[in-house]
Each structure stands twice: as structure tokens, then as C-alpha cells.
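Student: Could you walk me through this structure and explain the terms as we go?
Tutor: Gladly, let us have a look together.
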Amino acid sequence: MKEPASENKPKIGVFSLTGCAGDQLMILNLEDTLIELLSKFEIKSFQEASSYSENIRLDIAFVEGSVSTEHDLEKLKEIRDKSSLLVAIGDCAVNGCVQAMRNSQTSIAERMLDVYGVEDNIYRALEPKGIGEYVRVDFEIPGCPVEKEEVFNTLISLLNGDPPLIPDYPVCVECKLNGYPCVIIEEGKPCLGPIITAGCDARCPSLGLDCVGCRGPIKGETNAKAELEALRKRGYPDKYIINRLRFFAGNFPDIRILGERKNSKGEK
Ligand code: SF4
Ligand code: SF4
């Protein structure tokens with residue numbers, strides 16, 4: 001691919017909110033293609049790669065991590081204001097991920113009391129949520145962490161002015177395309193593949209393992225109740241299934257409602 005002149009290169013930034021920085025690491029893990037790929041762009045911020053950072057208008061901002069503090073929210077709004085396109089990378093940015101696991105069950109004050117012994121919100125914490133809850137997001141790349149090939153393809157698509165192709169079908173489709181035996185049917189394992197976004201090439205079922213949902217449920221398509229019912233019929237207790245569903249997807253309305261804490265009268 002011919003390298004564009006410097007002034008024509010899209011300016012990009014890669015930013016982190018609350019998370020483990022694993023999605024930035026997956027970009028760096030592109031290794032063989034990274035130097036050539038990034039030479040097509042002008043990198044103005046990339047926290048995990050360099051302390052260099054320029055606070056200027058960006059063509060594309062990639063944001064990983066959930067909004068879990070007021071500081072995250074302020075940072076996110078600044079990024080949105082200065083970026084033409086905003087891409088959420090990884091489950092934390094898409095939906096809140098593991099730090100949202102207990103959103104339906106404990107309040108911020110209860111968590112502060114448990115961990116720090118005070119109810120005051122001394123760290124200005126917010127209930128962890130995906131960035132789309134607060135600002136307009138143009139594209140979302142799911143995964144905990146993201147698949148590096150998906151990041152590569154997204155960068156190439158955006159470079160060409162095309163929207164990135166993110167699967168909108170479940171992991172089961174990849175099982176079928178690959179001819180993998182279904183671990184629910186064959187072995188009775190509690191696979192979440194029927195409601196989880198494809199894109200990993202059914203990595204876990206390919207190894208005889210059940211999907212635990214690390215790419216998150218398909219937005220607008222997820223029928224968590226039906227998954228609960230299907231696994232219940234296989235003998236799994238509700239609590240086990242609901243905890244499993246909440247692990248990566250506690251904020252999905254369909255899943256959140258299943259895990260909501262009951263009050264003293266046993267009502268949700
Ligand atoms: S193994 Fe899991 S992902 Fe694969 S077809 Fe069965 S339920 Fe779907
Ligand atoms: S099969 Fe499920 S848990 Fe395994 S990598 Fe794919 S989405 Fe993640």
C-alpha cells in the first residue's frame with residue numbers, strides 16, 4: 001500500500017479509561033504488521049506505547065475502559081469533543097465488562113464501605129458503564145480483550161473510509177462454519193455461545209470448552225431468558241447461570257434484570 005503524505009494521514013489517538021489496558025496491548029501485539037500499519041496514520045496519543053501525547057483535533061479516537069469515575073467521564077467528554085470518529089475498543093468500553101458485574105447488586109456506598117470502610121464516595125466513583133451511555137460512539141469492537149485481527153481490519157477499513165465489519169451473529173455460527181461439535185449437545189456444558197457476539201472463530205468450542213461470553217452479548221438480539229431456560233433444562237442452577245451471564249455483561253438490560261437484588265420482602 002502506498003504511504004500517504006504526512007499531511008494526509010489520519011490523526012489518531014488511543015486512550016484508556018478504567019480497565020486493564022489489555023486492548024491497547026492487543027494493538028501492540030500486531031507486531032508483524034504494526035510498524036507498516038501505523039505508518040499510515042499520525043499517532044498523537046497512545047498511552048501504553050509512548051509518553052508522547054499531543055492535545056490536538058483527531059480524526060479517530062480509540063477508547064478502551066469503562067466510565068467508572070467522574071474523572072473517566074470528564075476525560076471521555078474531552079476526547080469526544082476533539083475527535084471526528086470515536087471507536088470503543090473492548091468490552092469495558094462497549095458495555096462495562098467485569099467491573100459492572102455487581103452493578104445490579106450493590107450500591108457505590110456499599111462498595112466503599114466494604115473496601116475502604118467509609119460510605120463517602122472519596123474516589124468520585126460512578127457505577128461502571130460503557131462509553132456509549134454517555135457520549136455518541138461511532139463503532140464498537142467487542143472482546144475481553146479485542147481480537148488483534150479485528151483491530152487491524154478496523155484500521156484498514158477506516159483508512160479506506162469504510163465502516164468496520166463487526167459480526168452481528170452468535171459464536172454458534174462460527175461453530176457450524178467450522179464443523180465443531182456443540183459442547184452443549186455433546187457434553188452438556190453451559191456454553192453461552194448462542195447469545196455471544198462472534199468474531200473469535202469459536203475459539204473455546206474449538207478446544208472442547210464452553211464459551212464464557214468474553215465478547216459480550218449481541219446488542220439488541222440477546223435473549224438471556226431463553227439461554228437461562230436452556231441451561232436450566234440441562235440441570236444448571238439459576239444462580240450459577242446468572243452469575244455466568246453477569247460476568248462480562250452485567251449491564252445488558254436483559255441480563256441485569258435477571259441478577260437484580262431482591263429487597264427484604266423478596267421483591268426485585
Ligand atoms: S458449542 Fe456453544 S457456541 Fe458452539 S454451537 Fe454449541 S452452544 Fe453454540
Ligand atoms: S468462545 Fe466465547 S469465551 Fe471463548 S473467546 Fe470466543 S467469545 Fe470469548
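Tutor: We start with contact: two residues are in contact if their C-beta atoms, placed from the backbone, lie within 7 Å. By that rule, 19 residues of domain 1 are in contact with 15 residues of domain 2.

Student: What makes up the side of domain 1 that touches domain 2?
Tutor: Helix 4 (residues 91-95) gives the most to that side, with 3 residues. Helices (H or I, at least four residues) and strands (E, at least two) are DSSP runs, numbered from the N terminus. By class, the side of domain 1 that touches domain 2 has 7 nonpolar, 7 polar and 5 charged residues. Here Ala, Val, Leu, Ile, Met, Phe, Trp, Tyr, Cys and Pro count as nonpolar, Asp, Glu, Lys and Arg as charged, and the others, Gly among them, as polar.

Student: How do you know where the domains are?
Tutor: The bounds come from an automatic or database domain assignment, which gives domain 1 (6-159) and domain 2 (171-259). Taken over C-alpha atoms, their centres are separated by 25 Å.

Student: What kind of model is this, and how are things numbered?
Tutor: This is a predicted model, in which local features need pLDDT of at least 70, side-chain atom pairs count only at pLDDT 80 or more, and totals for chains, interfaces and linings use all residues. Residues are numbered from 1 along each chain as its sequence is written, while chains are lettered from A and ligands numbered from 1 in the order in which they are written.

Student: Why is strand 3 called largely enclosed?
Tutor: A residue is buried if 20 or more other C-beta atoms lie within 10 Å of its own, exposed if 12 or fewer, and partly exposed in between, with C-beta atoms placed from the backbone. In strand 3 (residues 58-64), 6 of the 7 residues are buried, so the rest of the structure largely encloses this strand.

Student: How do you know which strands pair with strand 3?
Tutor: Two strands pair if DSSP finds at least two bridges between them. Strand 1 (residues 11-16) and strand 3 have 5 bridges, in the parallel sense, and Gly-13 stands opposite Ala-61. Strand 3 also pairs with strand 5 (residues 83-89) in the parallel sense, over 5 bridges; there, Leu-58 has Ser-83 as its bridge partner.

Student: What makes a residue part of the shell around ligand 1?
Tutor: A residue counts as near a molecule if its C-beta atom, placed from the backbone, lies within 6 Å of it. The residues surrounding ligand 1 include Cys-172, Cys-175, Cys-182 and Cys-191. Helix 7 gives the most to this shell, with 3 residues. By class, the shell around ligand 1 has 11 nonpolar, 1 polar and no charged residues.

Student: Which classes are found around ligand 2?
Tutor: That shell has 8 nonpolar, 1 polar and 2 charged residues. Among its residues are Arg-203 and Arg-215.
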